[in-house]
Amino acid sequence: MTSLRLAACAAIAVCLASAAGAQGTAVSSPDGRTVVSLAVTNGQLRWSVARDGTPVVTPSRLGFTFRNLPALGDGLRMVDSVRSDVDETFSLPLGEVARVRDRHHELRVKVAETNASEREFWVVVRVFDDGLGFRYELPDQPNLKDFEIMDELTEFSMAEDLKAWWIPANVPTPDRQEMLYSSGHISKLDLVQTPLTLVATSGLHVVIHEANLVDYAGMALQGRSESRTLKTSLARWKDGSAVKGRTPFVTPWRTLQLADRVEQLVPSVLGLKLNPPSRIADTRWIRPMKYNGIWWGMHVNTMTWSSGPLHGATTANTRKYIDFAAANGLGGTLVEGWNLGWDGNWMLTGNTFSFTQAYPDYDLPGLAAYAKEKKVSLIVHNETGTFVENYDRQLDSAYPLYQRLGVTAIKTGYVGDTTNPGGHAHQSQYMVRHHRRVIETAAAHGIGVVMHEPIKDTGERRTWPNMLSREGARGQEYNAWGGEGGNPPEHESILFFTRMLSGPLDFTPGIFNLLISRSGTGVPRTPTDARPRTTLAKQLALYVVLYSPVQMTADLIENYEGQPAFQFIRDVAVDWDTTRVLHGRIGDDVVVARKAKGRDEWFVGAITDEEARTIEVSLDFLPRGRAYVAEVYADGPGANWRDNPLPVSISRQPVTSATRLRIRMAAGGGQAIRISPAR
Ligand code: NOJ
Ligand code: CA
């Protein structure tokens, strides 16, 4: 025993051996500020993190329990370790930034059981200047072949009772992530989703999330009353197990993003660095775009998905939307309700959805050809109602059909929950596998994917850049439904520092007719309080604030008629070289500047919550010594979200890198700015 332990220690760079058999090793970030330690004490393996010498995560458990196999977490010792350093830069076909530098130190530690079964695994840690990730690797071995993980023991024992911005997890409906955020200390948390944004009294921000979720269950975090420890809680199969696998096997990365100031949380690229490079060799067909669609009409009840007099997806209506897209430089038109299966209560009968057969009043091939001729892509909608098997069975007929028709993007949907006969937990391994199949099959047919009610984003888009965007948040649709469900004015300034840290969001901004039913657009079934609780200028700012390489111009096309402010939507970019947060406070306000990809053009988006605010920002991100013009779309006189959301003042002013801009926002308001070279 002793000699074995010494041999193991000799192989480990930093190794503390004591009489009790304790072992330890550590790895630091390239800037030396963050140190991740692994230690075995009394046969249990724990990890911890310090930043600038101050503990952030105190020693926290690692390991697994299995169905019908002994747990892997006790009687452990470190037997080997390997170190390596990486410094490389990769580009993203679409992104908040064009290039990402992956500079990290890696430590791999092999851990084995001291008992006769001698099962072993590696813990691999990568430490970057902006955070860290670690994962388990289970090699092929005689005593661990097929397994079912019942529980992952990984804990996050935080050194301080941090303040968390959280949404609940794993109850049937919130399983869809469409919840409003709350804040509170981690000692008061129950089961919450990731990304989980945590704030320390020092101002340090810590975001717990995961990366490269390929064949595993999504991770939620379980709090314990009056404890600073959050424990991994995995979504489950219907039979109760969490993960089914066979060695060799790797888990997703458990990630901790670290930022000294809230503004440094964005752009968040840690997860991308922990995903493998693109599997699509030529990505030129993957294009960012703005799109419109036959969509909002169903949510404000002027159209229906189902057949009948208000059917939205008719050939004539779709042509109008395509014409509008073509006339305004939008790249796509989404059509929902085109396919058979929407009649009756589709949330219960999703197993009858066809993904190839259209309603008789919808000419799919004719419209695809019409769109192509107008250089617009038809975005085909595939709502599954969580009847996933029914969708899976049709992938091999539907996607080749879409490809033949020249369709380059689809929108999938998974409305429903585990109480549906076909329903699987949205973050379960079953669904993770399903979404991978969708992304990969779509890639093989030249199709980009926008998922609604998705699995969480763990950075798949690095490997599969056709994974364009997703929902996985409470989007604009809630504002159409009225009642308490509408999004409060602070919502998007929380999303920016929470959900958005995982990846792009298909929020669908751009509602201009903000007082929906009061202006007579909605039929009587639309509740009178159904409306976005923002000003119009804030709807514009959301294009810059809430990143997505595909952004909807969500309103009915007639609501853009005669609206000078629509020019901003025509102009705004959706793909970026760089992103810089100029100001932010979670739940209060955000000001972000982004440079349009490949163009000498910047956009600034500013939003506030229910309070009117004036924020002064420097334009020092502009190249020095050059003259620019800022086109400013600001809240107009008397504007406020509550009873006067529509006034927008549009003005132009010369600016340079030396300019300081005073951004005045109304209650529930915002400001959208385009900065381009002065001519
Ligand atoms: C919910 C989605 O979020 C929404 O965009 C879609 O219109 C409906 N489901 C119907 O599929
Ligand atoms: Ca939804």
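User: Is Asp87 buried, exposed or partly exposed here?
Analyst: This is a predicted model. In it, Asp87 is partly exposed, with a relative accessible area of 47%.

User: What does the side chain of Asp87 meet in a salt bridge?
Analyst: Arg101, at 2.7 Å from N to O. Asp87 sits in strand E6 and Arg101 in strand E7, so the pair ties together parts 14 residues apart in sequence. Arg101 is also partly exposed, at 47% relative accessibility.

User: Which residue forms a salt bridge with Glu137?
Analyst: Arg108 does, with the closest N and O atoms 2.7 Å apart. Glu137 is in strand E9 and Arg108 in strand E7, 29 residues apart. Glu137 counts as buried, at 12% relative accessibility.

User: Which ring face does Arg108 lie over?
Analyst: The face of Trp122, at 5.3 Å from the ring centre. Arg319 lies over the face of Tyr370, at 3.9 Å from the ring centre.

User: Back to salt bridges. How far apart in the chain are Lys231 and Asp151?
Analyst: Their side chains meet at 2.8 Å, N to O. They are 80 residues apart, with Lys231 in strand E18 and Asp151 in strand E10. Lys231 is buried at 18%, whereas Asp151 is partly exposed at 21%.

User: New topic. How many aromatic pairs are there?
Analyst: A search of the whole structure finds 33. One aromatic cluster includes Trp305, Trp338, Phe353 and Tyr402.

Definitions and conventions:
Residues are numbered from 1 along each chain as its sequence is written. Chains are lettered from A and ligands numbered from 1 in the order in which they are written. This is a predicted model: local features need pLDDT of at least 70, side-chain atom pairs count only at pLDDT 80 or more; totals for chains, interfaces and linings use all residues. Side-chain values use heavy atoms; hydrogens and water are left out. Rings of Phe, Tyr and Trp (its six-membered ring) pair if their centres lie within 6.5 Å; planes under 30 degrees apart count as stacked, over 60 as edge-to-face and the rest as tilted. A charge sits over a ring if NZ of Lys or CZ of Arg is within 6 Å of the ring centre and within 35 degrees of the ring normal. A salt bridge is a side-chain nitrogen of Lys or Arg within 4 Å of a carboxyl oxygen of Asp or Glu. Helices (H or I, at least four residues) and strands (E, at least two) are DSSP runs, numbered from the N terminus. Buried means under 20% relative accessible area, exposed over 50%, partly exposed in between (1.4 Å probe, protein chains only).
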